[in-house]
Amino acid sequence: MRLAISIPALALIILAGAAEAACDVKGAKLEEAIAQKSELRETANKQTVRDLRTLRDAAIILDAYRYGAECERLIEIVKALAANPDKAIEQGGDTDEEKAENLEEAREPKLPAASAPKPQ
């Protein structure tokens, strides 16, 4: 009888542990990768490092909202970019000023539109 109760309990513990570790943001070791890669420590590549950290933070948010698969995919991307900084820097080199302005505008919080005065 003890064995019958122990097996389901053990299965639940294993499944709970697997679900908890579904998205291993800490395992990406992004800060360690940044510290080890001289390219990422160069002043000219600060934006690439900020982008990597933003992606990592987005993975944390996805995990918090229980989007484990999406979080895991994002962590894979972060790991790949951090492992090959030259490629990350090359890919992140978009200098289109109009695109940058549009992105910056999209980031700004918007206030609700004020209700227009009614004509009398």
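A salt bridge is a side-chain nitrogen of Lys or Arg within 4 Å of a carboxyl oxygen of Asp or Glu. In this predicted model, such pairs link Glu31, Arg53, Arg56 and Asp57 in a network. The structure holds five salt bridges.

Glu31 has 34% relative accessibility and counts as partly exposed. Arg53, at 31%, also counts as partly exposed. A salt bridge also joins Asp57 to Arg56, with the closest N and O atoms 3.3 Å apart. Asp57 is partly exposed, with a relative accessible area of 36%. Arg56 has a relative accessible area of 19%; buried means under 20%, so Arg56 is buried.

A further salt bridge pairs Glu76 with Arg73, the closest N and O atoms being 3.4 Å apart. Both residues lie in helix H5. They are three residues apart, so about one helical turn separates them. Glu76 is partly exposed at 44% relative accessibility. Arg73 is partly exposed too, with a relative accessible area of 48%.

Nonpolar residues were examined next. In soluble globular proteins, nonpolar side chains tend to be buried together. The largest nonpolar core here has eight residues: Leu30, Ala33, Ile34, Leu40, Val49, Leu52, Val78 and Ala82. Helix H2 (30-36), H4 and helix H5 (68-83) each give two or more residues to this core. The largest share, three residues, comes from H2. Ala82 is in contact with Leu30, Ala33, Lys37, Leu40 and Leu52, leaving aside neighbours within four places in sequence. Another core, of seven residues, lies apart from the largest one. Among its members are Cys23, Val25, Leu74 and Ile75.

Two loop positions were also examined. Asn45 sits in the loop between helix H3 (38-41) and helix H4 (46-64). Its relative accessibility is 9%, so Asn45 counts as buried. Asn45 touches Glu39 and Ile89, not counting residues up to four places away in sequence. Ala22 is found in the loop between helix H1 (2-20) and H2. At 37% relative accessibility, Ala22 counts as partly exposed. Ala22 and Ala69 are 47 residues apart in sequence. In space, their C-alpha atoms are 7.7 Å apart.

How values were computed
Residues numbered from 1 in each chain as written. Predicted model: local features only at pLDDT ≥ 70, side-chain atom pairs only at ≥ 80, totals over all residues. Heavy atoms only, no water. Helix = DSSP H or I, 4+ residues; strand = E, 2+ residues; numbered from the N terminus. Buried < 20%, exposed > 50% of the residue type's maximum accessible area, 1.4 Å probe, protein only. Contact = heavy atoms within 4.5 Å. Core = buried A, V, L, I, M, F, W, Y, C linked by side-chain atoms within 4.5 Å.
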